[in-house]
Amino acid sequence: MGTLVISDIPDDLLGELKKRAIAEGDTVGNQALKVLKQNIREGAYSRRRSGLIDEILEVPIPPLPAPVPSSADLIREDRER
């Protein structure tokens, strides 16, 4: 397993990690790792989702049969049955 050293972390960000670590009885390093894992996974999910949306948008929509009867005509026809 690799090691990552991050320097120049803004004080507010480090403070938030420390708060989360204390709240969960964890270390700051483990909290940072959890945040990284979560964001990388969510990013991958978002990219997959975006790809699916693009695929859906590329599917051609078949034209409606012409002429299309109006809803009023369909209701009248249904009442006459």
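Modeller: The mean pLDDT of the chain is 86, and 100% of its residues reach 70 or more, pLDDT being the predictor's confidence in each residue, from 0 to 100. This is a predicted model, in which local features need pLDDT of at least 70 and side-chain atom pairs count only at pLDDT 80 or more, while totals for chains, interfaces and linings use all residues. Residues are numbered from 1 along each chain as its sequence is written, and side-chain values use heavy atoms, with hydrogens and water left out.

Among the elements of the chain, H1 has the highest mean pLDDT (92), and helix H2 (residues 28-58) the lowest (83); helices here are DSSP runs (H or I, at least four residues), numbered from the N terminus. With 13 residues, H1 reaches 18 Å from its first C-alpha to its last, close to the 18 Å expected at 1.5 Å a residue, where the expected span is 1.5 Å times one less than the number of residues. In the segment before helix H1 (11-23) lies Asp 8, whose phi is near 60 degrees, a positive value in a residue other than glycine. Just after H1, Gly 25 also takes a positive phi, of about 60 degrees.

The axes of H1 and H2 come within 8 Å and cross at roughly 105 degrees; these axes are lines fitted to C-alpha atoms over the stretch in contact, and angles run from 0 to 180 degrees between N-to-C directions. The two helices, H1 and H2, are therefore roughly perpendicular to each other, a term that covers angles of 65 to 115 degrees.

On the H1 side, Leu 14, Leu 17, Lys 18, Arg 20 and Ala 21 meet Val 28, Gln 31, Ala 32 and Val 35 in H2, contact meaning heavy atoms within 4.5 Å. By class, the contact of H1 with H2 has 6 nonpolar, 1 polar and 2 charged residues, with Ala, Val, Leu, Ile, Met, Phe, Trp, Tyr, Cys and Pro counted as nonpolar, Asp, Glu, Lys and Arg as charged, and the others, Gly among them, as polar.

Gln 31, in helix H2, counts as buried at 3% relative accessibility, since buried means under 20% relative accessible area (1.4 Å probe, protein chains only). Leaving aside neighbours within four places in sequence, Gln 31 is in contact with Leu 17, Arg 20, Ala 21, Glu 24 and Asp 26.

Technical notes. Angles under 35 degrees count as roughly parallel, over 145 as roughly antiparallel, 65 to 115 as roughly perpendicular and the rest as oblique. Buried means under 20% relative accessible area, exposed over 50%, partly exposed in between (1.4 Å probe, protein chains only).
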